[in-house]
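Trainee: Please show me how to read a protein model, one feature at a time. Where do we start?

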Amino acid sequence: RFADASAVAQVTEIVHRVDMDTLQHMAARTLGPEEIGYCKLSLDRPVELDMAADRRAGIFHLADRLTGEELGTGAIEFALRRATNVVRQALKIDKAARSRAIGQRPCVLWMTGLSGAGKSTVADRVEQKLHARGRRTYLLDGDNVRLGLNRDLGFTERDRVENIRRVAEVAKLMADAGLIVIVSFISPFRSERSMARDLIDDGEFLEIFVDTPLAVCEARDPKGLYAKARGGDLVNFTGIDSPYEPPEAPELRIDTTAMTVDLAADAIVRLLD
């Protein structure tokens, strides 16, 4: 929020933290209370700031979109160079026309949970059931996407955020094509899942929490990743040394310790009835 304007903002990168005793620039992934740093912000709309006339025009306040709680205060130093000659092209065929052509309502089924929770297995069964009903679908699986579109990303907090941003944009395009999009990603941070929800049209984003306890996921460990993380061979692993923030109000909660894959898939498919 600026003095005369507001926008939805995302901190896309923490460039460095400033040590207030020495004024040195320190590497940092997060900023704690009363810490100061240089960050890159991305806004959802252009904001005009006449900072040449008044430097105070660049002062802003960051607040949580859901609670309104103030998170921090800053000042714009300079704008990053972005293309200014890109204009959205109006198209004659829109989402409604595409949906009518294939006879279904598009949506995004966003499945989140720990590694080993059963997301991919359940997602695959959901797609099979929808395909048998003649529905047009596409399954975006975390590992598969990292083998192609997101092969340049690692598992730092910054890369995880970018991973979900790209997938959310792809899911949006696929929903615009009229498809039922099944997304199976750990997607550990609430803020990124909220960002994905905001991208999708109202009523079309359904968050499904595959709520399998960490102990069960670790006991399953189908890829041996938990063992590597516990042994120190795998860093930034969700649930071990990187946090997972469970959904607070998902459209559906699935407990894979209490139901079969088929029952879990049936519960998800019923969301579309």
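Mentor: Start with a single residue. F209 counts as buried, because its relative accessibility is 9%. Buried means under 20% relative accessible area, exposed means over 50%, and partly exposed lies in between (1.4 Å probe, protein chains only). Residues are numbered from 1 along each chain as its sequence is written. The model is predicted, so local features need pLDDT of at least 70, side-chain atom pairs count only at pLDDT 80 or more, totals for chains, interfaces and linings use all residues, and side-chain values use heavy atoms, without hydrogens and water.

Trainee: How much of the protein is buried?

Mentor: Buried residues make up 34% of its 273 residues. The C-alpha atoms fill a box of roughly 65 × 55 × 35 Å along the principal axes.

Trainee: How many helices and strands does the protein have?

Mentor: Eight helices and ten strands. They are DSSP runs, numbered from the N terminus: helices are H or I with at least four residues, strands are E with at least two.

Trainee: How many aromatic pairs are there?

Mentor: First the rule. Rings of Phe, Tyr and Trp (its six-membered ring) pair if their centres lie within 6.5 Å; planes under 30 degrees apart are stacked, over 60 edge-to-face, and the rest tilted. By this rule the count is four. One of them joins F209 and Y244: it is stacked, with 6.2 Å between centres and 25° between planes. This pair links distant parts of the chain, 35 residues apart: F209 is in strand β9 (residues 205–210), and Y244 is in the loop between α7 (225–230) and β10 (252–254). Y244 also counts as buried, because its relative accessibility is 16%.

Trainee: What lies over the face of F155?

Mentor: R146 does, at 3.9 Å from the ring centre. The test: NZ of Lys or CZ of Arg is within 6 Å of the ring centre and within 35 degrees of the ring normal.

Trainee: How do I describe two packed helices?

Mentor: Give the angle between their axes and the distance between the axes. Axes are lines fitted to C-alpha atoms, for helices over the stretch in contact, and angles run from 0 to 180 degrees between N-to-C directions. Here α4 (residues 157–176) and α5 (residues 190–199) pack at about 20°, with axes 9 Å apart. They are therefore roughly parallel. The cut-offs are under 35 degrees for roughly parallel, over 145 for roughly antiparallel, 65 to 115 for roughly perpendicular, and oblique for the rest.

Trainee: Which residues of α4 and α5 meet?

Mentor: V161, I164, R165, A168, E169 and K172 in α4 meet E192, M195, A196 and L199 in α5. Contact means heavy atoms within 4.5 Å. In α5, E192, R193, S194, M195 and A196 are buried. Their cover includes β1 (9–18), β6 (107–112), α4 and β9.

Trainee: What is V122 in contact with, leaving aside its neighbours within four places in sequence?

Mentor: M111, V261, A264, A265 and I268. V122 sits in helix α2 (residues 119–132) and is buried, with a relative accessible area of 2%.
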